[in-house]
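This note sets out comments on the model for a colleague's review. Please read the points alongside the sequence and the coordinates.

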Amino acid sequence: MSVLKAENIRLVYGAGTSFEKTALDDVSFEIEKGELVGVIGHTGSGKSTLVQLLNGLLKPTEGKIYLNGKDIWKEPKKIREVRFKVGMVFQYPEYQLFEETVYKDIAFGPKNMGLSEEETDKKVRMAAEFVGLKEELLDKLPFDLSGGEKRRAAIAGVIAMDPDVLILDEPTAGLDPLGRDALLSQIKDYHEVRKNTVILVSHSMEDIARLADRILVMNKGHKVMLDTSENVFAQGKKLEEMGLRVPQITKIMMLLREKGLPVNTSVLTVEQGFNEIINMNR
Ligand code: ADP
């Protein structure tokens, strides 16, 4: 059984007003337990709207969302539980840190779920370790952390709730290249160790190509593809038509192919590209 299923989802903002806007139309897909799915698409393609629907922050105008086989809006009073199970890290989550210590900020979610002090403590320490926050930072004011540390503290606050699905909306936005690489490898470790489902929204093809098992491509409120990275990047032309930049190495392979060289265009890393070229003469 899939962990999340979207069935013919339509989401209209401001229905019946002059600002009416259909953000998503007839979107259906299934995500299997333990998958790491990347969501990619141009600004305004509906990515943020989609992930907010998946954790019950928005209600579909039409269609259904199933979490572990259950329609999440069947009992609207229980939607809070869905928000605990589908943990959401918003864009620039560090702006939501508000407690007087980093520890209290990370503990906020598990406490809210009704966990005991002892259980909360375990979750806080486990989550801090996952995101690479040192113990001694836990007693500090969130305000005193660096930008990257604040980001990690905010992500730890969601991981501490031990969600079935972790959604991260542009988690590396605004970080320097080192901070970006470190955070991405921590997300990868979290996914591999916990075997939890992760949904990563990003406009960076490189980030997504490195991490995702499958990629969901959105365009103008529609699902265009949900497939393995190799299959998605093999459709480089189609992606470019939607204004999506394919990884540079994939672009090079597309150009070589256009020149008549028999290379595979679905390569994702420089190493794979290198092997394709080396093996061409054999
Ligand atoms: P993305 O995350 O891919 O940039 P969004 O889900 O934010 O896309 O937006 C999809 C569409 O819905 C866009 O056209 C956007 O302008 C519109 N939209 C998003 N949020 C709102 C809102 N609260 N009210 C009205 N329109 C919105």
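1. Basis. This is a predicted model, in which local features need pLDDT of at least 70 and side-chain atom pairs count only at pLDDT 80 or more, while totals for chains, interfaces and linings use all residues. Residues are numbered from 1 along each chain as its sequence is written, and side-chain values use heavy atoms, with hydrogens and water left out.

2. Overall form. The protein chain contains 11 helices and 10 strands, taken as DSSP runs (H or I of at least four residues for helices, E of at least two for strands) and numbered from the N terminus. Its radius of gyration is 20 Å, close to the 19 Å that the globule rule gives for 282 residues, so the chain is as compact as a globular protein of that length. Here the radius is taken over C-alpha atoms, and the rule is 2.2 Å times the number of residues to the power 0.38. Along the principal axes, the C-alpha trace spans about 65 × 50 × 40 Å.

3. Burial and contact range. Of the 282 residues, 48% are buried (buried is under 20% relative accessible area, exposed over 50%, partly exposed in between, with a 1.4 Å probe and protein chains only). Among contacts between residues at least 6 apart in sequence, 62% join residues at least 24 apart; contact means heavy atoms within 4.5 Å.

4. Helix α3 against α5. The axes of α3 (residues 102-112) and α5 (residues 147-159) lie 7 Å apart at an angle of about 30°, which makes α3 roughly parallel to α5. Axes are lines fitted to C-alpha atoms, for helices over the stretch in contact, with angles from 0 to 180 degrees between N-to-C directions; under 35 degrees counts as roughly parallel, over 145 as roughly antiparallel, 65 to 115 as roughly perpendicular and the rest as oblique. Val102, Ile106 and Pro110 of α3 meet Ala153, Ala156 and Gly157 of α5. By class, these residues of the α3 contact with α5 are five nonpolar, one polar and no charged (Ala, Val, Leu, Ile, Met, Phe, Trp, Tyr, Cys and Pro are nonpolar, Asp, Glu, Lys and Arg charged, and the others, Gly among them, polar).

5. Helix α3 against α4. The axes of α3 and α4 come within 9 Å and cross at roughly 120°, which makes α3 oblique to α4. The contact of α3 with α4 has seven nonpolar, one polar and five charged residues. The buried residues of α3 pack against both α4 (117-130) and α5; among them are Tyr103, Asp105 and Ile106. Just after α3, glycine 114 takes a positive phi of about 90°.

6. Helix α10 against α11. Helices α10 (residues 248-258) and α11 (residues 270-278) pack at about 20° with axes 9 Å apart, and are therefore roughly parallel to each other. Ile249, Met253 and Leu256 of α10 meet Val270, Gly273, Glu276 and Ile277 of α11. The contact of α10 with α11 comprises five nonpolar, one polar and one charged residues.

7. Arginine 83. Leaving aside neighbours within four places in sequence, arginine 83 is in contact with Asn55, Gly56, Leu57 and Trp73. The C-alpha atoms of arginine 83 and leucine 57, which are 26 residues apart along the chain, are separated by 7.6 Å.
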